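Subject: Structure for you to look at

Hi there,

Here is the structure I promised to pass on. Please open it next to this message as you read.

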Amino acid sequence: MRLEPVANPTLGRSIGFPAAALALTVVVASLLTLLAGANPFETLGLILAGAAGSKFALLETLNRATPLIFTGLAVAVAFRAKLWNIGAEAQFYAGALMAVLLGTGALGFLPWFVLVPVMAAGAMLAGALMLLGPVVLKVRLGVDEVVTTLLLNFIMLLFISMLLEGPLKDPMGMGWPKSEPLDQAARLPRIVDGLRLHWGFGIALISAGMIWVIQARTTLGYEIRAVGQNPQAARFAGVPVARVLIKTALLSGGLAALAGWSEVAGLKGNLTLDISPGFGYTGIIVAMLALLHPGGVVVSAIFVAGIFVGADSMSRAAEVPTYIADILLATALLFMVLAILLTRFRVVRG
Amino acid sequence: MTNTREAQDTVLRLSGITKRFGALTANDAISFELKRGEVIALLGENGAGKTTLMNILFGHYTADEGKVEVFGQPLPPGAPGAALAAGVGMVHQHFTLADNMSVLDNILLGTEPLWRLGMGRGAARRKVETLARDFGLVVDPDAKIGALSVGERQRVEILKALYRDARILILDEPTAVLTPQETDALFETLRKAVAQGLSIIFISHKLHEVMSISSRVLVLRHGRLVGEVKTDETDRHRLAELMVGAEITAVAPSEATPGDVLLRLSGVSTPAQGNRPGLNSVDLDLRAGQITGLAGVSGNGQGALADLLSGLEAPTEGEMDVAGVRVRGWSPRTAVAHGIGRIPEDRHRTGTIADFTLTENAVLEGYMKPPFSSRGWMDWSGAERHTAEIIDKYDVRCPGPDTRIRLLSGGNMQKLILGRVFEAGPNIILANQPVRGLDIGAVTYVQEQLIAARDAGAAVLLISEDLDEVLALSDVIRVMSEGRLSPEFARGSMTPAELGVWMAGQGFEDAA
């Protein structure tokens, strides 16, 4: 058996295989819920209801999707250029840290409509700098960015831990490792009064739209695709490959940092060590499921968030462990990767 | 080659070999016989089906129809190794030798049983030495492969096949990497081999070699055997027609009218990269309205010179002037900005981006300026208009500008690159192996375009490993060897043999 490239994938091929992947995911999840001793239809129904069954559930899902849209975009932008940014988690924390540094009184003299953009810009800068180091090492010395960005995640987490146990520790925090809460002016307002959905979601959607435009319409987007698909030809033609990679890194790191900023300023109000349940890593899944398309990132982030939120509420009702959410995502990703392969390649015998 | 021996028995018979890949029929009912002591040439353009046929013979592919018989015994289809065991040896274009092992070890590799490693080496050495003497394959059995020249490595490959008692030898484009002198030596060896009863299939698209070595010529075109002729009953012209399927006219450039020096290298050196030599104190003038041909054996610094003019590398020593202005901050983009049009050696990996559309590929060098973009915003309609013009003007056969370029044939891909380069109005054109792998129709087209560019006043540097091409097109010729450049030879002042001496690296010290 070997793979033969398909010259021009048909529409049926490019929609059929991903659809089949989702169907297979549901089948596998159903079998696993059977193993857990629950009715699969009921369980899936509960997940659906928990994710989108009510206004509250839906808003909760969108809330959870917000950081995933940012990290998903960050990964998608970088992967387009074949820049393997596995460090969205560290960049997330860099953004969250910046939100706390700027939003707990240091710039208290600024009105909210100045403070909020300044914090966002500061967060983006911090995230961009997180990724700048690995990319400069890659461009100059050929150091593998997978290793450096991945390891920076742990360094950053330990660094935040040190800060939260030391200089950033909230004196009123009863000894818990958490930062002081943000000033009211530094917080993102809610879109709907009384419900938890905040403006971070709106900014995430705007970001996705902007990335879409950058990729389709600007010279930078064209350069990023050229460098990603064939750096040798890009370099020969005169595309400044190193500069494009650095710009990509700044964009990617900045986007991931916005996730951390929006979680702190929109949802949590302060920084803790468990503020991210792996949003940076899940961003990779989101981006892959979206085939690196910014519009797709929004859809797949909401899908992934829905599974997490829905599985949480389902496990309370049906007594199936929430791990089912992780399994669902993992199988969805595996099948989707296979589906992507099968849209582009045909299996031939002999 | 006359065959005085009576034994005209058939050693290899292919009957009705057909192989299809999807809609493409790579081999269409091909039948032929190879006699003992005979050299047949398999002639055909790239994509004519030569390689597929040999892969079927060696069991790498299974034929859809037809069968292969060696010495009267049918070969099991799809069994790699069966042909080898039956006495068929192949010398590939790209050698399969281990650089860090000796000649003898390479020859023995894979023939000795593991549990007797090292045993019988004396006998093996004597056999290799006998073979080397009988066939005129002079090579030191204890030399490391890495220290050998390309011609010597090829001798090792042939020895390897002979050591395994090959009675049928297949040579795939064996002269592509040889100097004319080395080619002569190879032909001497082949003549000795057939005199001893071996049979040879010689795969090539170089007509004069086919004429000089073979006794029969099989011509493949689009997967079909379109001609089988006795070599002494045909001529080069007739063979070329059979190959292409139409009357062809060789390009014949008119007298050049050289103008100013547009590019000057003075004492330029660049560092070696891995196995590839750098430039060694090179002086070069490219004049307007003149084609300078660069001849040389592959891997002697042509790549370094091409990279230098492309902007991929900057001189570490010496100076480079474009149109009388010393260049600073040399990069691919500044090279384009200085009016250098670059046709790269590898159009698939360097010249184009496979999954980009024709439009995206057509603006790869100029996307940052109007009419393709302004202030960072792409103007795709402007880019598409430009691409449509190129498609029209350069006769690029394709479904449209939105087609991904990897669906195009090599010739059409090259035409798009020509359009991209020429439409930018270059003063200096670097054409690195511009016709390699193209069919003859496309070859003629590309060569005519280069001559037209010369006549319009461009300075052209033509780098080619095909000496015939260099001789046909160039107004002046330089030979490159180990990063050094020979003096300039005017058109017609040197025979191929005289150039071969330079290609082999002789004469440089005297010329300095």
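Below is what I found in it, starting with the ground rules.

This is a predicted model, so to speak of local features a pLDDT of at least 70 is needed and side-chain atom pairs count only at pLDDT 80 or more, while totals for chains, interfaces and linings use all residues. Residues are numbered from 1 along each chain as its sequence is written, and chains are lettered from A and ligands numbered from 1 in the order in which they are written.

Chain A first. It holds 13 helices and 2 strands (DSSP runs numbered from the N terminus: helices are H or I with at least four residues, strands are E with at least two). Along the principal axes, the C-alpha atoms of chain A fill a box of roughly 70 × 60 × 35 Å. Of its 350 residues, 47% count as buried (20 or more other C-beta atoms within 10 Å of a residue's own, with C-beta atoms placed from the backbone).

Now the contact between the chains: chain B gives 24 residues and chain A gives 16 (two residues are in contact if their C-beta atoms, placed from the backbone, lie within 7 Å). On the chain B side, helix H10 (332-337), helix H11 (347-351) and strand E18 (377-378) each give two or more residues.

In chain B, an open sheet of 6 strands runs in the order E6-E7-E8-E3-E9-E10, with mixed pairing (strands pair if DSSP finds at least two bridges between them). E6 (88-91) and E10 (224-230) of chain B are at the edges with a single partner strand each, so one side of each has no neighbour in the sheet. Inside this sheet, E3 (residues 39-43) and E9 (residues 216-221) of chain B are parallel over 4 bridges, and Leu42(B) has Leu218(B) as its bridge partner.

Finally, have a look at strand E13 (residues 290-295) of chain B. How many of its 6 residues are buried? The count is 6 of the 6, so E13(B) is largely enclosed by the rest of the structure. E13(B) pairs in the parallel sense with E20 (residues 459-463) of chain B over 5 bridges and with E21 (residues 476-481) of chain B over 4 bridges. Thr292(B) has Leu461(B) as its bridge partner in E20(B), while Gly293(B) stands opposite Ile477(B) in E21(B).

Best wishes

Technical notes
Buried ≥ 20, exposed ≤ 12 C-beta atoms within 10 Å, placed from the backbone.
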